[in-house]
Amino acid sequence: MRNSSMVHRSGLTVAAAALPLALAAVPAAAGPGISVSTTGSTVSVTTSSCTQINGSWGTASLLTSSQGSFAQGRQVTLSGTSTVQSAAWSNVTAGTYTVIVICSDGTTAGTQSVVVSPAPSPTRTASPSVSPSRGVMGGVGGSSTDYGTVTLVAGGTLVASGIAGAAWYLRRRTRSYRL
């Protein structure tokens, strides 16, 4: 008899543990609602729940966290067709908002929260700077004087005469002068 009560107790335990899993596996009834999306600073809502009455589909309202009623939000009239209706708000600042859609017959199509992310800040890129046309001018005192043509020719002449004089001297030393 002891074994049967243990089996009976363990069976109840397994059934109690399986019940929440079975209930979680059953999908909830998907009713009409709204779908909210953001793109940059634009928030848009779509629904298929509303019917057109007197040329109007209904109104959507965008509420900040400090606003408590539909009338306090930024309201936009729904537009669309019999299959889908939509509304959009542009230039929405970063933050958390609640979107509420009320159809023209007074029923609420749905309520959904949405987070608008801040716009990414532009990144600075290095701009090319103007480089010197002749490169770096080194020298004593860091001067960068531009000499004229006469000065450059005179300097070239002195260098050439110095090379010629050194060559003449070295050539003269290599000869043996025997008396």
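Reply: Buried means under 20% relative accessible area, exposed over 50%, and partly exposed in between (1.4 Å probe, protein chains only). This is a predicted model: local features need pLDDT of at least 70, side-chain atom pairs count only at pLDDT 80 or more, and totals for chains, interfaces and linings use all residues. Residues are numbered from 1 along each chain as its sequence is written, and side-chain values use heavy atoms, with hydrogens and water left out.

Me: Is Gly95 buried, partly exposed or exposed?
Reply: Gly95 is found in strand β7, residues 95-103. Strands are DSSP runs of E with at least two residues, helices are runs of H or I with at least four, and both are numbered from the N terminus. The relative accessible area of Gly95 is 24%, so the label is partly exposed.

Me: Which residue in β7 is the bridge partner of Leu63?
Reply: Two strands pair if DSSP finds at least two bridges between them. β3 and β7 have seven bridges, in the antiparallel sense. Within β7, Leu63 is partnered by Thr98.

Me: How many residues of strand β3 are buried?
Reply: Strand β3 covers residues 58-64. It is also joined to strand β4 (residues 74-77), antiparallel, by four bridges, and Thr59 stands opposite Thr77 there. β3 is largely enclosed by the rest of the structure, because the buried count out of its seven residues is five.

Me: Which strands stand at the edges of the open sheet?
Reply: Four strands form this sheet, in the order β1-β2-β6-β5, with antiparallel pairing. Each edge strand has a single partner, so one side of each is left without a neighbour in the sheet. The edge strands are β1 (34-39) and β5 (79-80).

Me: What is the bridge partner of Val45 in β6?
Reply: Strand β2 spans residues 42-47 and strand β6 spans residues 85-89. They run antiparallel, joined by five bridges. In β6, Val45 is partnered by Ala87.

Me: Is Gln85 buried or exposed?
Reply: Gln85 lies in strand β6. Beyond four places in sequence, Gln85 touches several residues, including Val45, Cys50, Trp57 and Leu78. With a relative accessible area of 0%, Gln85 is buried.

Me: Which backbone oxygen lies 2.8 Å from a polar atom of the side chain of Gln85?
Reply: A polar contact is a pair of N or O atoms within 3.5 Å; within protein, one must be able to donate a hydrogen and the other to accept it, and residues adjacent in sequence count only if both atoms are side-chain atoms. The backbone nitrogen of Cys50 lies 3.4 Å from a polar atom of the Gln85 side chain. The backbone oxygen at 2.8 Å is that of Thr81.

Me: Over which residues is the pLDDT below 50?
Reply: pLDDT is the predictor's confidence in each residue, from 0 to 100. The protein averages 76, and 68% of the residues score at least 70. One stretch falls below 50, and beyond near neighbours in sequence it has zero contacts in the model: residues 10-31.

Me: How many helices and strands does the protein have?
Reply: From the N terminus on, the elements run α-β-β-β-β-β-β-β-β-α. The total is two helices and eight strands.

Conventions. Contact means heavy atoms within 4.5 Å.
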